[in-house]
Amino acid sequence: MKIEKRKIVLNQLGYLLDKEKRAISTEASPFSVVDKNTNSIVFSGEAFGPIFDQASSEQVYVLDFSDIQEEGDYYIKQSESKSLSFPISEKPYESLQNGVLKAFYFLRCGMELKEEYAGVWKHKACHTSKGKVLNEPHLELDCSGGWHDAGDYGKYTVAAAKALADLLLAYQTYPQSFLSTISIPESDGIIPDILHEARYELEWLLKMQNLRDGGVFHKVTTLAFPGLDVMPEEDEHDLYLCPVSSTATASFVAVLALASTVYRAIDEAFSIRCLEAARKSWSWLESNPEMVLFKNPEEVSTGEYGDSSDLDERYWAAAQMYHATKEEVYHHAFKELFLKDFKKCELGWTNVSGYGTLSYLSLNIAEADDSIQNELKREWVGLANALLQQKKTNGYPTSLRENDFIWGSNMVLLNHAMTLLYAFHFSGKESFEQGALAQLDYLLGCNPLGYSYVTGFGANSIQNPHYRPAVGDGIEAPIPGMIAGGPNKGLQDEYAKQVLDGYPPSKCFVDHQDSYSTNEITIYWNSPAIFVLAHFNDLDIN
Ligand code: G3I
Ligand code: 9MR
Ligand code: ZN
């Protein structure tokens, strides 16, 4: 199979007026930027390079047109090649942010998606039956609501925690970016839609707590994945609540404590409910100091979301509980966990330590141990510097190394962008912000395959995500606003194995519905994009 390659690749959503603007080309000749409406040349420049890009095995050239200071629609011309057209404007990413947020609504479980909000992608309510507690089949619990995780319809606690954390932090950090509505049933013009949407998930998450002792079920799914064309409401196999794990319980504590802080000024009763649930699960953690790691029981074959340690989840929980309550017991627990040896700045679903670190760094000086804060800040900014260093050696302007092209590499990309943005907040160094923006350029088309990895956004966006409704709904266009996992050199599905054998890491991607290890979508690949987009849509910074 031949993968289409455009000579000039760029951010198909466009560029911010007063920030760096770059495209990448495989050609060396000089280039011009042309006004699409008048066909007049507005800028001419030399291609910079060549740079050998390790991850794609390509020789590339940088086309820098940052000097253009006029809003408009443009394209690039370089000898015989012409690029896709793109805007330069003050706010090129506003509808994208709304679309990526609206995708969470499309992933809702347990309610009908009405035409009024879902358009042609409407469907009936799904997964409304009770879940059986595995190993206790006579115990059935309400586990309805929340978001489907991904291309499958499972609902997994640790995945939910990462996704919610990103959304809540995005709102907390950039409230100005959430003033417009995405048109969901709860929209009321008072509470920002992002908080309505997050609450839909939080209400489900609260149901994952075992009320007997505060332990949190790792996931609720059918025993096996349904067929690829099965619509949510047709997936009627029994649902099972899978055993409690300490990773699920600790990330539940952390994200509910965070929610209690974020919703305090919005809905006090809900904020208190979140904190009480978090306290109850914290006591489970205290009574279960040993790791209780999750492995799929023999009869279950859905996503495992396994882990090798719960220290980072406990660290996040302690930080967030201390932040929410200012009670010394949590501070003490945090300081103990801080001394343990694990990376402290990660934002994944496996290692969530970065969320704990961010929570601790947001405490004011009187409430925190300043030597710990200083050390964490140093580590954070050091990591961001290393990402920029990597970006300098790459041809395509991202922080990704060859080894970062794993399952969900677009999450690695966007998590790095978040890391860079926080480093920008901590240090004021503009190159961090610029680095984050370059990650967005890559996601939106400035990459070796020239794809915008977001459905429905960009002139050459992916069309065939591994997402059951996209296969089963009979509608040609995919649901918009969903971010694909991206290139994965591990070739971890049959289709990828067949068509991508021998490809360089950043080209191990195929826009086919069967390739779940490169082209699936999931809540925690969308969520860091919300944070990054909210930064660049913030009224105050632009
Ligand atoms: O982190 C290691 C890295 O150290 C190693 O060098 C590299 C080599 O392959 O692998 C990296 O681990 C990968 C890990 O993802 C990274 O988070 C594993 O190989 C890879 O198998 C693992 O994939 C996970 C996948 O489930 C399979 O378990 C994805 O992260 C995770 O996003 C994905 O989640 C699925 C759910 O199970 C089910 N629902 C859909 C969802 C999205 O595809
Ligand atoms: O659809 C499933 C996807 O959500 C998972 O990420 C993936 C890995 O666990 O598995 C997919 O389901 C496939 C299953 O693992 C193997 N048979 C084909 C299924 C997809 O049609
Ligand atoms: Zn459902």
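Biologist: Which strand is the place of Lys 77?

Modeller: Lys 77 sits in strand β8, residues 72-78. Strands are DSSP runs of E with at least two residues, helices are runs of H or I with at least four, and both are numbered from the N terminus. Before we go on: this is a predicted model, where local features need pLDDT of at least 70 and side-chain atom pairs count only at pLDDT 80 or more, while totals for chains, interfaces and linings use all residues. Residues are numbered from 1 along each chain as its sequence is written, and chains are lettered from A and ligands numbered from 1 in the order in which they are written.

Biologist: Okay, what makes Lys 77 partly exposed?

Modeller: Count the C-beta atoms, placed from the backbone, within 10 Å of its own: 20 or more others means buried, 12 or fewer means exposed, and anything in between is partly exposed. Lys 77 has 17 others, so it is partly exposed.

Biologist: And which residues does Lys 77 touch?

Modeller: Leaving out residues up to four places away in sequence, Lys 77 touches Phe 31, Ser 32, Val 34 and Lys 82. Touching, or contact, means that the C-beta atoms, placed from the backbone, lie within 7 Å. The C-alpha atoms of Lys 77 and Val 33 are 6.3 Å apart, though 44 residues separate the two along the chain.

Biologist: How do you know that β4 and β5 are joined?

Modeller: Two strands pair if DSSP finds at least two bridges between them. β4 (residues 31-35) and β5 (residues 41-45) have 4 bridges and run antiparallel. Ser 32, for one, has Ser 44 in β5 as its bridge partner. The hairpin has 5 residues between the strands, and there Asn 39 takes a positive phi near 60°.

Biologist: What makes Leu 491 buried?

Modeller: Leu 491 has 20 other C-beta atoms within 10 Å, so it is buried. Its phi is near 40°, again positive in a residue other than glycine, and its place is the loop between α13 (468-472) and α14 (494-500).

Biologist: What about Ala 436: buried or exposed?

Modeller: Buried, because Ala 436 has 26 C-beta neighbours inside 10 Å. This residue belongs to helix α12, residues 430-443. Beyond four places in sequence, its contacts are Ala 417, Leu 420, Leu 421 and Val 532.

Biologist: How do you know what span to expect for α6?

Modeller: The expected span is 1.5 Å times one less than the number of residues. With 20 residues (268-287), α6 is expected to span 28 Å, and its first and last C-alpha atoms are 29 Å apart, which is close.

Biologist: Which residues of α6 are buried, and on which side?

Modeller: Cys 274, Leu 275, Ala 277, Ala 278, Ser 281, Trp 282, Trp 284 and Leu 285 are the buried ones. They cover an arc of only 170° around the axis, so they sit on the same side of α6. The arc is taken from the directions that run from the helix axis to the C-beta atoms. Their cover includes α4 (193-207), α5 (246-262) and α7 (311-325). The face turned away carries exposed residues, including Glu 268 and Glu 276.

Biologist: Back to sheets. What order do the strands of the open sheet of 5 have?

Modeller: The order is β12-β11-β15-β14-β13, with mixed pairing. β12 (136-141) and β13 (155-156) have a single partner strand each, so they stand at the edges, with one side left without a neighbour in the sheet. β13 pairs antiparallel with β14 (residues 217-221) over 2 bridges, and Lys 155 stands opposite Val 220.

Biologist: Last one: which residues surround ligand 2?

Modeller: Ala 150, Gly 151, Asp 152, Phe 225, Leu 228, Gly 303, Tyr 516 and Glu 520. A residue is near a molecule if its C-beta atom, placed from the backbone, lies within 6 Å of it. This shell has 4 nonpolar, 2 polar and 2 charged residues. Nonpolar covers Ala, Val, Leu, Ile, Met, Phe, Trp, Tyr, Cys and Pro, charged covers Asp, Glu, Lys and Arg, and the others, Gly among them, are polar. Ligand 1 has 17 residues around it, with 4 nonpolar, 9 polar and 4 charged.

Notes
Two residues are in contact if their C-beta atoms, placed from the backbone, lie within 7 Å.
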